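I have a new structure open today, and I am keeping notes as I look things up. Come and read along with me.

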Amino acid sequence: VQLQASGGGLVQAGGSLRLSCAASGSLWAIDTMGWYRQTPGNQRQLVASVAGGGSTDYGDSVKGRFSVSRDNGEKTVWLQMNSLEPVDTGVYYCNVRMDNLAPFFGTNYWGKGTQVTVSS
């Protein structure tokens with residue numbers, strides 16, 4: 001599975017950005033799609049994810065401000081980020097988790113990361 005992310009950039013606090021990530025390859029086995037954020041010296045943390053059935057999960061700090069969605073047909077996931085704050089700054093990684101069946105057994109795939117910088 002290959003992931004191509006786009007949409008990062010520099011924005012002022014209070015502004016909005018929209019990230020997108022398109023998957024290619026073994027699309028039939030994709031389960032959950034989402035986004036993680038990493039800042040220097042820290043591990044990647046969940047921002048938002050959406051399962052194939054539509055259920056979503058959000059990191060506590062982004063609830064009410066960010067929205068994740070996906071197109072199951074095209075295997076694309078979007079992250080709409082509103083009311084951005086400087087603490088949202090980081091590298092955002094697109095993530096795909098495959099289903100638990102053979103041959104992938106729940107393997108995670110990652111995109112290259114896109115920088116989001118929120119200035120105060």
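My entries below cover a sheet, one serine and some aromatic rings.

**Ground rules.** I am working with a predicted model, where local features need pLDDT of at least 70, side-chain atom pairs count only at pLDDT 80 or more, and totals for chains, interfaces and linings use all residues. Residues are numbered from 1 along each chain as its sequence is written, and side-chain values use heavy atoms, with hydrogens and water left out.

**Entry 1, the sheet.** I looked up strand order and found an open sheet of four strands, β1-β3-β8-β7, with antiparallel pairing. For my notes, strands are DSSP runs (E, at least two residues), numbered from the N terminus, and two of them pair if DSSP finds at least two bridges between them. At the edges I see β1 (2–6) and β7, each pairing on one side only. I then followed β3 (residues 17–24) alongside β8 (residues 76–81) and noted six bridges, in the antiparallel sense. Cys 21 has Val 77 of β8 as its bridge partner.

I found Ser 69 in strand β7 (residues 66–71). Leaving out residues up to four places away in sequence, I listed its contacts (heavy atoms within 4.5 Å) as Val 50, Thr 76, Val 77 and Trp 78.

**Entry 3, aromatic pairs.** I noted three aromatic pairs in the structure (ring centres of Phe, Tyr and Trp, using its six-membered ring, within 6.5 Å; planes under 30 degrees apart are stacked, over 60 edge-to-face, the rest tilted). Tyr 36 and Trp 110 are edge-to-face, because their centres are 5.1 Å apart and their planes are at 75°. Tyr 36 is in β4 (residues 30–38) and Trp 110 in β10 (residues 108–110), so this pair ties together parts 74 residues apart in sequence. I have Tyr 36 as partly exposed at 23%, and Trp 110 as partly exposed at 35%. Ring pairs also link Trp 28, Phe 104 and Tyr 109 into a cluster.

Which ring does Arg 44 lie over at 3.6 Å from the centre? I found that ring to be Tyr 93. The charged end of Arg 44 also sits over the ring of Trp 110, 4.6 Å from its centre (the rule asks for NZ of Lys or CZ of Arg within 6 Å of the ring centre and within 35 degrees of the ring normal).

Methods
Buried means under 20% relative accessible area, exposed over 50%, partly exposed in between (1.4 Å probe, protein chains only).
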